[in-house]
Amino acid sequence: MTAFKSDFLNVLQSRGFIHQISDPDSLDALAARGELTAYIGFDCTAPSLHVGSMVQIMCLYWLQQTGNKPIALMGGGTTRVGDPSGKDETRKILSIEDIERNKDGIKQVFSKFLTFGDGKHDAVMPDNAEWLTKLNWIEMLRDIGRHFSVNRMLAMDSVKLRLERDQEMSFIEFNYMILQAYDFAVLNQRYDCRLQMGGSDQWGNIVNGIDLGRRMGTPQLHALTTPLITTSSGEKMGKTASGAVWLNADMKSPYEYWQFWRNTDDADVERFLKLFTTLPLTEVERLAALQGAEINEAKKALADAATALLHGPEAARLAAETARQTFEEGRVAENLPSIDISRGELEAGIGVLASFVKAGLVASNGEARRQIKGGGLRVNDASVTDEKMTLTPSDLTAEGVIKLSMGKKRHVLLKPA
C-alpha cells in the first residue's frame, strides 16, 4: 500500500475508494497543501440519485473533510446528450423541463454531505448547461473538436463495446466525451479545478479531459477513478428486486433505506462500512471481526451510520426502532412504509394480487401469484394461500391498518384515507 503525504489520498486508499490515479505524486502534493479542487459530474437523468452514486458523493465528502474544495457539477447540459458509457442503447432524450425538475431533486442530497459557500474550501455546484448551451457549432469544431482524434474516440470503451455488439450509437452520443472533456477545461479556468473523479468506466473520458486541457494550455490535470462496486453475489450496487435504492426520502423512505443496509450480505459488511460510513477504521475492524449471529450487530451499525449520514440521526433512530418493533416484537410499527387507500375502495373489497402490486411489493399480478405459490406473501402475518382473496375493512388490525409482507423483511401498511 502506497504511503501518501496527503490525508485525502490516505483516507481514500485506506477505505477502498481508489481504482486508478493518473499522476499520484503530483496529485498528492496538491492535496497535502490543501490546494486541490476536484469535481464529479452528475447527469440529471432521474429526480434523485441512487445509492450507486454514494461512492462518488463520499469522495467529495472526504475531499472537503481533508481541507480541499469539492465541485458537484450538475449535468444540465450533458444530460441533453446522454452518456453512452456502459449502455447498449441510446438514453431517452429528456425535455428541458424534465432535466430542470430532476436537477432540483438531485441537489437536495448534497447539502447533507457538503458545506456550500464562498470560502476557499466551500463546495460549489455549477451547471454545465451554463457554458455548453452557449457553444457555437463552428467555433466548437475549430477550437475544441480539432484536438480530438476520431481513431482514439472509436477505441474508447464507451464506443467500442457498443459497436462490437452491433448496437447503434447516435452522433449526439458520440460527442458526449468531447463535452465532458470540455467541462474539465472550463472548470479549471473558472475554479482552478485540477482533478476529475468518477467510476472506473469513466477513466477514458477523464483522460480525454486531461489531454484537452494540456492542448488548451491548462496546468497539469489529474484523474482518479473508483472501483466498480458490486455485492459479493456479483450484483451491481444499488439495484434490488424492487428497483433502485433512491437517496431522496420521497422516493425511498429512511426506513427502507435503513433496511437496505441492514440486509447487506455478511461478506460485504466490512467493505461497506469503510465506503459508506464515516466510522473510524478501528471501529470498522472491531465490527468486521464479529462472527456468527453477532454479525447482525455490525449490519445494524452499518444501517444506522449510513442512514444517519443521509437522513439524519433521528431518522436513523426511528428506522432502527421500527425494525426492532417489527422483527423482534412482532408489532405493527407506525413508521413502516405505507400507502393510502380510500375507505370506499376497501369497503368494496380489494383483490389481494392488486393490493400487493399497489404496495410496490411485487411488479405484477403474475409475480404475486408466483409468490403465493411459494408461500412468500402474508397479510397481517398470515400466509396468503388463495389468490382470489379480497381485503375488506374486516382485515384492519387494531391499529387501523392492513399489513402486507413479502418474505421476512419487506412490509407495507395499507391505510384507509
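User: In which helix does Asp-98 lie?

Analyst: Asp-98 belongs to helix H4, which covers residues 96–110. Please note at the outset that this is a predicted model. The relative accessibility of Asp-98 is 28%, so the residue counts as partly exposed. Its C-alpha atom is 32 Å from that of His-121, a residue 23 places away in sequence.

User: How should I read the helix as an element, and how many helices and strands does the protein chain have?

Analyst: The general idea is that an α-helix has 3.6 residues a turn, so residues three or four places apart point the same way. In this case, the protein chain holds 19 helices and 14 strands.

User: What do the overall dimensions of the protein chain tell me, and what is its radius of gyration?

Analyst: The radius of gyration is to be compared with the value for a compact globule of equal length. For 417 residues that value would be near 22 Å, and the 24 Å of the protein chain agrees with it. The C-alpha trace spans about 75 × 50 × 40 Å along its principal axes. Of the contacts between residues at least 6 apart in sequence, 72% join residues at least 24 apart.

User: How is the surface to be described, and what share of the residues is buried?

Analyst: Buried residues account for 50% of the 417 in the protein chain. The accessible surface is about 19200 Å², and carbon and sulfur atoms contribute 49% of it. As for charge, there are 48 positive and 54 negative charges, and their mean positions lie 1 Å apart.

User: Where does Met-197 lie, and is it buried or exposed?

Analyst: A residue is called buried when its relative accessible area is under 20%. Met-197 lies in strand S4, and its relative accessibility is 2%, so it counts as buried. Apart from residues up to four places away in sequence, Met-197 touches Phe-8, Ala-38, Tyr-39, Ile-40, Gln-56, Cys-59, Leu-60, Ile-206 and Leu-224.

User: Which segment holds Lys-5, and is Lys-5 buried or exposed?

Analyst: Lys-5 is placed in the segment before H1. With a relative accessibility of 73%, Lys-5 counts as exposed. Once neighbours within four places in sequence are set aside, Lys-5 is in contact with Asn-10, Asp-28 and Ala-32. Its C-alpha atom is separated by 38 Å from that of Asn-151, which is 146 residues away along the chain.

User: What is the phi of Asp-192?

Analyst: The general idea is that most residues other than glycine have a negative phi. Asp-192 is not a glycine, but its phi is positive, at about 55°. Asp-192 lies in the loop between helix H10 (176–191) and strand S4 (195–199), and with a relative accessible area of 36% it is partly exposed.

User: How are aromatic pairs read, and how many are there?

Analyst: One looks at the distance between ring centres and at the angle between ring planes; planes over 60 degrees apart count as edge-to-face. The count here comes to 8 aromatic pairs. For Tyr-61 and Trp-62 the ring centres are 5.0 Å apart and the planes stand at 80°, so the pair is edge-to-face. Both of these residues, Tyr-61 and Trp-62, are buried. Phe-260 and Trp-261 also have ring centres 5.0 Å apart, with planes at 75°, so this pair is edge-to-face. Phe-260 and Trp-261 are both buried.

User: Which residues do ring pairs link into a cluster?

Analyst: The cluster consists of Tyr-257, Phe-260, Trp-261, Phe-272 and Phe-276. Helix H13, residues 269–276, has Val-269, Phe-272, Leu-273, Leu-275 and Phe-276 as buried residues.

User: Against which helices do the buried residues of H13 pack?

Analyst: They pack against helix H1 (7–15), helix H3 (54–65), helix H12 (254–262), helix H14 (281–288) and helix H15 (295–311).

Key:
Residues are numbered from 1 along each chain as its sequence is written. This is a predicted model: local features need pLDDT of at least 70, side-chain atom pairs count only at pLDDT 80 or more; totals for chains, interfaces and linings use all residues. Side-chain values use heavy atoms; hydrogens and water are left out. Helices (H or I, at least four residues) and strands (E, at least two) are DSSP runs, numbered from the N terminus. The radius of gyration is taken over C-alpha atoms; the globule rule is 2.2 Å times the number of residues to the power 0.38. Buried means under 20% relative accessible area, exposed over 50%, partly exposed in between (1.4 Å probe, protein chains only). Contact means heavy atoms within 4.5 Å. Accessible areas come from the Shrake-Rupley method with a 1.4 Å probe; for residues, only the protein chains shown count as cover. Lys and Arg count as positive and Asp and Glu as negative; His and the chain ends are not counted. The place of a charge is taken as NZ of Lys, CZ of Arg, CG of Asp or CD of Glu. Rings of Phe, Tyr and Trp (its six-membered ring) pair if their centres lie within 6.5 Å; planes under 30 degrees apart count as stacked, over 60 as edge-to-face and the rest as tilted.
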